[in-house]
Amino acid sequence: MAKENWINKKSMRKRILVIIGISITLFIYLFIRLVYVMIIKGDNYKNQAVIQWNNNVTVSAKRGSILDREGNELAVSVDVYRVDVDLKSLRESLERENMKMTEVSSAVAGILGMDKDEVNKMMTAKLPNGDPVNNIILKRRIEKEIADKIQDYQKKNGLIGFIISPDTKRYYTNNNFASHVLGHTNSDGEGLTGVELYYNKYLSGVPGIKIDELDAFDENIPYETVDYTQPVDGRDVILTLDENIQLFTEKAAQKALDDNSAKAVSIIVMNPNTGEILGMSNKPDYNPNAPWDGDLNSEELQQLWRNRAVNDAFEPGSIFKVITSIAALETGTAHPGDVFQCNGSLTIDNETIHCWDRNGHGPLTFEQIMEQSCNVGFMELGAKMGKETLYKYIEQFGFGKKTGIDLPGEAIGIVKTPEQISNVDLATISFGQTNTVTIMQFMQAFNSIVNGGKLITPHVMKEIAHYDESGNKIVDQNYKATVTDNGVKKESLDEIKNNLNLQLKLMVEQVHM
């Protein structure tokens, strides 16, 4: 009996030790697990919890306006709304309310004016792994009346998931007016072309954020905003454009397009002393309020949005003879009164190059070869100067490099170096062929002739500004144009200006005869 009691006591001690061992092991495991959860993974779990009970909503900044030099609004942003869908919450509420997705998508499509099949496709979309999509942007830039109808439909049917938030819509007050200068934005309100793209970082502002607490049904708890960061609205960009001058360029460009059955027309009006562009028009143009013409493919749209005055290069033709004339005067290759003989063509390296008047102009003075735009006279000037000298003055007037205009996509053009120029090239370059230039390069060069030799950066931005809380205008930045000397003597510029003024006077007299 004693032996049996001793065995029972020994067995009980073993059990107690096992239980204690298991308890200690469990305690150690729980302790380690607690340390792991609270210390090692604590921040991660905390963040996940915050995500579950908080709703982060980006508050869009209002895009700055674009105005002309007198403060007339050309592009503004108006307040509208967007509809996002938390599909996970919506599916749960559909199951609770015993409703089908097709029923909801059809009703919502009717409110938003969208195709019901397209809406249903969006709301039942799946990820590549087969899982259902949980969040979608259903529609942007809707009016308040439509947004309220979505909210009413959701509440009436006890649904959860449709999220209405503020949005902005870009509006161009005069439709096609200055469209290539202003450009347009994409669906997210970011600049795609023109001033909208070039000055996007100033116009777009900085978005804010609103963090609300959610209840068990993933709805915002009233008056429980956890955090709110105020958005910083975009700056206004005030242009150098003058609305009246721009209107004139628009009408003149359209008339030239129609009267000449032209493929394209560009007109620019610029202040030669400041580089300010007062008017810039390209025809054909487009309406930035509806830039995506449904009948055009992507390449055709790009061509329609293209600002030819900035993005295109071309052989300048006879207007380049002004540069050749200045180079000839500067180097002493020609003098006022010098006589040239035009027989209608010149043969250079066995290639015959014709004057525009194939019968020939006969004897012409230096002034007259400009007046008659005689190709032969300018070929002779080019040959006397040589390719190195002519190239030097082409460079001095800014050809072959960007002007630095504050619009996207500026072209450079093609200017041959002396090593690339043959005798035939030299002849054709002298009267405006072979090399290619841009309208902006030529405007800058001609402005320097008018203003006494200053190459000034062309620009469309006058200033960037915003308004403080009291409504006072604060100028953040004024445009500072780069000014360089073209290296030409005043006497040469004056001689060319006198010749150009005389030609202009003769042209006006011919128009009125």
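Let's start with Ser-93, which sits in helix 3, spanning residues 87–97 (helices here are DSSP runs of H or I with at least four residues, strands are E runs of at least two, and both are numbered from the N terminus). This is a predicted model, where local features need pLDDT of at least 70, side-chain atom pairs count only at pLDDT 80 or more, and totals for chains, interfaces and linings use all residues. Residues are numbered from 1 along each chain as its sequence is written, and side-chain values use heavy atoms, with hydrogens and water left out.

Ser-93 is buried, at a relative accessible area of 0% (buried means under 20%, exposed over 50%, partly exposed in between, using a 1.4 Å probe and protein chains only). Looking beyond residues up to four places away in sequence, Ser-93 touches Gly-158, Leu-159 and Ile-160, where contact means heavy atoms within 4.5 Å.

Move along to helix 4, residues 101–112, and you'll find Thr-102. Thr-102 is partly exposed, with a relative accessible area of 48%. Its C-alpha atom is 9.4 Å from that of Lys-121, 19 residues apart along the chain.

Now for the largest nonpolar core: it has 43 residues, and Ile-326, Ile-369, Leu-381, Phe-397 and Phe-399 touch the most other members. Such a core is a set of buried Ala, Val, Leu, Ile, Met, Phe, Trp, Tyr and Cys residues joined through side-chain atoms within 4.5 Å. Helix 13 gives the largest share of this core, six residues. Leaving aside neighbours within four places in sequence, Phe-399 has contacts including Phe-320, Ile-323 and Phe-442. There's also a second, separate core of 27 residues, with Ala-178, Leu-241, Leu-407 and Met-440 among them.
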